[in-house]
Structures are given as structure tokens and as C-alpha cells.
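Me: I have a structure open and want to go through its ligand sites. Can we take them one at a time?

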Amino acid sequence: MDKLISNKGSTIQSAVPESYILPPERRPSVVPPCKTIPVIDLQGLDQDPADLIQQIIKASQEYGFFQLTNHGVSEELMQDVLVVGKEFYDLPVKEKEREVFGSYSIEVRKLGLLLLDLICEGLGLEYGYFGGELSQGLLMSINHYPLCPDPSLVLGLPKHGDPYLLTLLNQGHVAGLQVLKNEQWLAVEPLPNAFVVNINHMLQIISNGKLKSADHRVVPSSDVARTTVVTFISPSKDSLIEPAKSLLVNKSSPPLYKSFRFIDFLHAYITDVTGEGKDPLERFMV
Ligand code: OGA
Ligand code: NI
């Protein structure tokens with residue numbers, strides 16, 4: 001299993017450094033928190049798995065995002081990883097391996113694979129489609145968004161889509177994440193002990209566009225610092241990515257994307273997103 005822990009930190013300042021200030025047209029407008037991101041209670045899995053799968057597929061089609069409650073990862077571990085994630089910033093590099101990340105990554109990976117199995121069934125793909133190398137990689141990222149003197153001028157994380165398969169975000173209790181739907185930004189309200197789950201670019205391609213990898217961004221706050229722990233389930237570098245063949249049997253559903261190796265997508269993603277702000281999916285469309 002590939003594993004990587006990274007952090008994207010910065011220090012607290014009394015004024016926004018000039019190099020961070022966005023041109024007026026790219027600054028965030030105020031978005032009220034909303035409850036429109038679907039909330040899915042995983043407890044329903046025992047009573048009515050078919051209904052739960054439908055909820056997951058519907059949310060993934062309409063929003064590309066949902067919040068997941070009663071997911072089985074303990075409240076204690078959810079809290080601990082955020083505390084340790086925050087401390088991570090104050091530690092010398094060689095001390096940054098921590099037990100808590102080990103337990104957390106095992107639990108979250110298990111949950112992610114369960115969700116992928118449910119998505120697999122919901123899409124009507126052959127059993128185990130996302131097993132093996134398509135879900136072999138696990139990346140963890142700790143994001144720290146320090147207090148910002150003027151949140152109207154900057155973004156904590158610019159607009160982007162995640163390039164892997166599936167993201168499970170532990171965002172604690174501080175708001176900041178916004179999701180783009182129909183050209184409008186929706187603020188994702190933090191729910192206690194929930195994961196925010198989102199469809200990534202590779203899942204959009206494999207589902208031949210049925211599931212949506214939605215753009216999102218993070219706005220900073222002037223009152224509370226925010227630490228989040230993000231887990232990405234990723235294909236291995238050499239995995240072959242293509243729209244699942246069983247979704248293409250019908251003539252009315254031709255493939256929307258080409259076949260390619262995941263590593264080639266990653267290279268293009270880095271060039272397109274960091275370079276020109278282009279949509280990285282475009283060059284892989286048929
Ligand atoms: C990311 C991301 C959101 C957050 O790391 O890709 O979108 O709230 N993070 O930290
Ligand atoms: Ni993201």
C-alpha cells in the first residue's frame with residue numbers, strides 16, 4: 001500500500017501578505033452555511049442496503065459530495081487525529097510518525113473500501129471492480145488553515161477537484177469547505193463526528209460521467225484556526241483507468257473518456273491545475 005503524509009502549513013500573520021491577496025474577481029464572496037449536501041446515515045446499511053446504495057449514488061450524481069454519519073470510526077479516533085494533526089505542525093520532522101495516524105488510516109481505508117463496494121453495486125459493475133490496484137494507494141494530508149486577518153482577500157485552498165478515486169475528509173467542527181454546484185458555492189456545515197465524502201476525477205471517468213467529481217475550495221476564517229485530516233483512496237500509478245466496459249454495452253452510452261495510465265493523468269493534472277487553471281479532465285475526453 002502506498003502511503004504518504006504531507007502537510008501544507010503556514011504561519012500566523014497580522015495582515016495578509018501581499019503575495020496571498022487574490023485579484024478582486026477571484027476573491028470569495030460570503031456564502032451562508034447550508035444543509036443541502038446530502039447526509040447519509042450508514043446505520044441504515046443493516047436494515048435496507050438497497051436504499052442506502054441509492055442514496056449514495058444519487059448524492060454522488062447530483063453533488064459529488066455527501067456527509068456520512070454513524071460510519072463506525074470511533075468519535076475518539078476522529079478527535080485524536082485532529083489533535084495530533086494540529087500538533088504535527090509544531091513537531092520536528094523526525095517525530096512526525098505517530099501511532100494515531102496508523103490506526104486512523106486503517107479504519108478510514110476500511111470505510112472507504114466499503115463505500116467503493118456500495119458504489120460498485122449501485123453502478124451495476126461486476127463485484128470487486130474497485131478492489132486491487134484501482135484502490136491500492138492511500139494518501140493522507142493534514143491541512144492547517146491559520147487565522148486569517150482578512151478572509152475576504154484570500155482562499156485557504158483554491159478551487160480544485162481531487163484527482164484520485166475517493167476522498168474522506170474529517171473536518172472537525174470548523175466550517176470553511178465550499179462545494180460548487182450549478183455555478184454556485186455551497187458551504188458544507190460541519191456535522192459532529194461525520195466524514196465529508198467526495199467523488200474524485202478517476203471515479204467520474206470510471207463511471208463514464210455518471211458520478212460527479214465536484215470542484216471545491218476552502219475559505220479561511222478570522223476567528224478560528226482550522227485543521228482537517230484528508231484521506232484519499234487512490235489507484236496505483238500504473239493502473240489502467242477507463243470507463244467501465246459494462247457501462248458501455250448500450251449504443252446510447254458511448255465512452256466519454258479515453259483509456260490511460262493513472263500516472264499520465266497525474267502529470268497532466270499537475271500541469272493543468274497549477275499551470276493554467278485548466279480542467280484536467282478535458283484532455284482525456286474522447
Ligand atoms: C483537499 C481538500 C478540504 C479541507 O485537501 O483536497 O479539498 O477542508 N481539503 O481541508
Ligand atoms: Ni480537495
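Me: Which residues coordinate the nickel ion (ligand 2)?
Reply: This is a predicted model. In it, His160 (NE2), Asp162 (OD) and His216 (NE2) coordinate the nickel ion, at 2.1 to 2.2 Å.

Me: How are the donor residues spaced in sequence?
Reply: The spacing is H-x1-D-x53-H. Histidine 160 is in strand β6 and histidine 216 in strand β11, so the pair ties together parts 56 residues apart in sequence.

Me: Is histidine 216 buried or exposed?
Reply: Histidine 216 is buried, at a relative accessible area of 6%. Histidine 160 has 16% relative accessibility and also counts as buried, because the cut-off for that is under 20%.

Me: On to ligand 1. Which residues come nearest?
Reply: There are 13 residues around ligand 1, and Tyr145, His160, His216, Arg226 and Thr228 come nearest.

Me: Which polar side-chain atoms lie by an oxygen atom of ligand 1?
Reply: Among them is one of threonine 228, 2.7 Å from a ligand oxygen. For histidine 216 the distance is 3.0 Å, and for aspartate 162 it is 3.2 Å.

Me: And how much of ligand 1 does the protein bury?
Reply: The protein buries 96% of the 300 Å² that ligand 1 exposes when taken alone.

Me: Which strand gives the largest share of the shell?
Reply: β12 does, with 4 residues. Strands β5 (137–145), β6 (157–160), β11 (216–218) and β12 (226–234) each supply at least two.

Me: What's the shell like by class?
Reply: The shell around ligand 1 has 6 nonpolar, 4 polar and 3 charged residues.

Notes:
Residues numbered from 1 in each chain as written. Chains lettered and ligands numbered in written order. Predicted model: local features only at pLDDT ≥ 70, side-chain atom pairs only at ≥ 80, totals over all residues. Heavy atoms only, no water. Near = heavy atom within 4 Å. Polar contact = N/O pair within 3.5 Å; in protein donor to acceptor, adjacent residues only side chain to side chain. Areas by Shrake-Rupley, 256 points an atom, 1.4 Å probe, with all protein chains shown as cover. Nonpolar A, V, L, I, M, F, W, Y, C, P; charged D, E, K, R; others polar. Donors = N, O, S within 2.8 Å, 3.2 Å for Na, K, Ca; no water. Buried < 20%, exposed > 50% of the residue type's maximum accessible area, 1.4 Å probe, protein only.
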